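Reader: Please show me the model. I would like to go through its strands and its rings.

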Amino acid sequence: MLSGHHLLMLGPPGTAKSLLARAVCQCVADGRYFEYLLSRFTHPDELFGPVSIPGLKEEDYRRLTVGYLPDAHVAFLDEVFKANSAILNSLLTLINERVFHHGTHRDAVPLLALLGASNEAPETESLSALYDRFLVRVATRPLARPDNFLRVSLGEVEAFAPLPEEQLTLSDIATLRSAAHQVTAGPAVRAALLRLRAALQSEEIPASDRRWRQAMELVRMAALTDGRDELGLVDLLLLQYCFGTPFDTDARVHRQVCREIVVQAYPSLDPQPLRDAEAALSQPVSTDTPLSEAKTRRVTLIDQIAAQDRRLERAADVHGSPLLTQIESTLWLPEVPPEVFTALLVARNAAREVSAPLRERAERYRPQLLRFDPVGHFFGPFALQTQLQGVFSGFGPGGGQAVAMVTADSRSAGLGTGGVLLTDLEPASGADLPQIEISADFLFDISRSRRWRATARDWMTHTAAARDEQLWEALMAALTSFRKDTSKETFPLFPGPDEEAR
C-alpha cells in the first residue's frame, strides 16, 4: 500500500484474507474501505455504484460512487477473477491508472491499494491483464505452527486496532512515496539485480520491464521505512513475491532470488572466481610474457585460491552471517526465509566442491612452478661436464681459454672458447675478462623460441659479443648447448583434474 501497488492472495477460504484487508485499511487515518465478493453475475452497479437517475434526466450518464469501489482508499475483492467482461475493463483502468470512467466523466480515485483474493490463479488469456496488475502475489495457507493454531482457534489473538497516533494520514503516505524515489542502489545490489534477471530468464519466468520497475518501487519503500537511504541485499528478498505464480512457479522464484542474493552477499560462495583462476593457470605462457611475470602471476593465482578456500571455511557458520542478522532486523520479513538457509548451504557446498580439489592441485603445482629455473638449466649441465672432464680451475678439455665471465641471478662461470662454461673458475681470476649478464627471462625466451638464433643475435648486439668474434662464437656455442639440453624442458602447466602433472 505504501508503494502504491496491489496485492493478490491465492489460497483456500478461511485463511484470513479479508481480515488482512480490513487491517490494512485501519492503518490509514479516516481510510474508506470497500469489500465485495465477485461472481460472474455481479452487476457493475454493485461495484461502482448505481447510475444517477437525475443525471439521466439531464442526459448526463454518471454513477453515484460514494460508498463504492471508486470512493475507497483500500478495497478487498474476493474471487476477483470471476469478474465478468462488463466489470473487467473498468476495473483494469481503475486499479492501474487510478481513474474511473463513467459516461463522459473521468474521475480520479483515492485508491491506495487493492487486495484481491482467489482460490487459484487465472488460466484464461482474458484475465492475464488483471492478473498482471497485482505486483505482489502471495500464497495464503492454513496455520502451520502449532502455537499459532492454538492461539487462533482458542480466540487468544487480540483484535487488530492501531492507536490513532499510529495511523498514517494520506499526506504521510504521499511524503513517503516522494522520498522513496531518492533511495539509491549500490554496486552489490545492481550486480544482484542483473544476476537475478538472468536467472529468471533462464527459468522462463515472465518478468516484464514494467514489473521490474514496479518491484523496485516496492523495495525502495521497504528500505526507506527501514530507515535507510540505500537499498540493501536484504530488501531484494521481497522480489520473490513479485514474480511467478503461488503454488506453481513461486518455489523456483524463491530459490533463485535467495541464491543470487546469497552469492552476492558472500562473494566467497561464488565458485566462478575459482574457475577463472583455474582457467588462467591452465593457459600456456604467452610468447611475449617474461618468465618472471608468468611465475609471479601464477603464484598470485595460487595464493588467491588458498585465500578463497579459507574464506569458505569461515562461511561455514551460517547462523552468524551478517545477511541473516539484517533479515532478522528488517521490518518487512517476519522470519528468515528457509530458502535463504538452503541457498547458503547449497552455495557453500557447491563452492567447496570446486575449491577443495582445486586447492590441492594448486599446492602440488606450486613447487613445480618454483623449481622451474632456466638459469639452473644453463649452468647445471656445464658444471657436470667440467667435473667429468676433471676441470677444477681455469680451463677444461675442449674449453680453451676463458674469454668472458657469464653471470645470471648471482651465479657466474667462465666462458671458454669452445662454448664450455668453466663453473669452477674463481670469480677473482676473471675480473679482467668481459662481463656478460644473462637474465632468466632471456634464457626462457631462448629455450622456447623457434627463432632462438635470431633472438640471441638481436640480444648479442647489445653485449661485448657484438665486438668480439671469438666471444660471439663461444657464447653462441654455449647457448646452442643450452638449447639442446632444454629442448624437452617446458614451463610446467597446471595439472588437470585427472593428472598429476602435464
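Reader: Over how many bridges do strand β1 and β7 pair?

Author: This is a predicted model, where local features need pLDDT of at least 70, side-chain atom pairs count only at pLDDT 80 or more, and totals for chains, interfaces and linings use all residues. Residues are numbered from 1 along each chain as its sequence is written, and side-chain values use heavy atoms, with hydrogens and water left out. Strands are DSSP runs (E, at least two residues), numbered from the N terminus, and two of them pair if DSSP finds at least two bridges between them. β1 covers residues 6-10, and its parallel pairing with β7 runs over 5 bridges.

Reader: Which residue in β7 is the bridge partner of Leu10?

Author: Leu10 falls within β1, residues 6-10. Its bridge partner in β7 is Ala139.

Reader: Which strands are the edge strands?

Author: The open sheet has 5 strands, paired in parallel, in the order β2-β3-β6-β1-β7. An edge strand here pairs on one side only. The two are β2 (33-37) and β7 (134-139).

Reader: Why is the pair of Phe378 and Phe379 edge-to-face?

Author: Rings of Phe, Tyr and Trp (its six-membered ring) pair if their centres lie within 6.5 Å; planes under 30 degrees apart count as stacked, over 60 as edge-to-face and the rest as tilted. The centres of Phe378 and Phe379 are 5.3 Å apart. The pair is edge-to-face because the planes stand at 85°.

Reader: Is Phe378 buried or exposed?

Author: Buried means under 20% relative accessible area, exposed over 50%, partly exposed in between (1.4 Å probe, protein chains only). Phe378 has a relative accessible area of 0%, so Phe378 is buried.

Note on methods:
Helix = DSSP H or I, 4+ residues; strand = E, 2+ residues; numbered from the N terminus.
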